[in-house]
Amino acid sequence: LLEYLEDIIGSNCYVQKIEEEAKTLEELNERRSGLVQRLKMTEKERDALEGAKLEAEAFIHKEQELCRWQSVLAQIFLNQTDENICKIESTKLDLQAKLEHEKAKFEEYNAK
C-alpha cells in the first residue's frame, strides 16, 4: 500500500536523494561531535593552565614593583651622592683657604 501511495504522490523519486542527504547529515554530525570533543578538551587544558597564568602574571607584577622601588632607591642614592659631593667640595674649599692662610702665616714667620 505504501509503495502504491508513493507511486501516486511521486515521492519515491526523492528516496535516494533523502538517503544521500541523511548520510551527509550523519557525516557532518560525526565531524561536529569530533570538533565539540576537541573544543571541550582544549577548554579543559586552558582551564588547567589558568592557575599557572595567574601565578606568572603575579610574578611579573611583583618584578615590575621591584624595579620601580629599585629605581626610586637609585634616585635617592643619586641625590644623596650629589649632596655629599657638594658638602665635600665645600669642605675642600674651606680647607684650601685655611691651607693658604697657614702657608701665608708660615712664610711671614720664616721671613722674620
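Tutor: Ground rules first. The model is predicted, with local features needing pLDDT of at least 70, side-chain atom pairs counting only at pLDDT 80 or more, and totals for chains, interfaces and linings using all residues. Residues are numbered from 1 along each chain as its sequence is written, and side-chain values use heavy atoms, with hydrogens and water left out.

Student: What makes a run of residues a helix?

Tutor: A helix is a DSSP run of H or I with at least four residues; a strand is a run of E with at least two; both are numbered from the N terminus. Helix H2 covers residues 15-111. Asn79 lies in helix H2.

Student: Why is Asn79 called partly exposed?

Tutor: Buried means under 20% relative accessible area, exposed over 50%, and partly exposed in between (1.4 Å probe, protein chains only). Asn79 has 45%, so Asn79 is partly exposed. Ile76, at 39%, also counts as partly exposed. Of the 112 residues, 0% count as buried.

Student: Why is the contact between Lys53 and Glu50 called a salt bridge?

Tutor: The term needs a side-chain nitrogen of Lys or Arg within 4 Å of a carboxyl oxygen of Asp or Glu. For Lys53 and Glu50 the closest N and O atoms are 3.8 Å apart. The pair therefore meets the cut-off. Lys53 and Glu50 are three residues apart in helix H2, so about one helical turn separates them.

Student: What makes Glu50, Lys53 and Glu57 a network?

Tutor: Lys53 also meets Glu57 in a salt bridge, at 3.9 Å, N to O. Glu57 and Lys53 are four residues apart in helix H2, so again about one helical turn lies between them. Salt bridges link Glu50, Lys53 and Glu57. The structure holds four salt bridges, including one between Arg46 and Asp47 at 3.3 Å, N to O.
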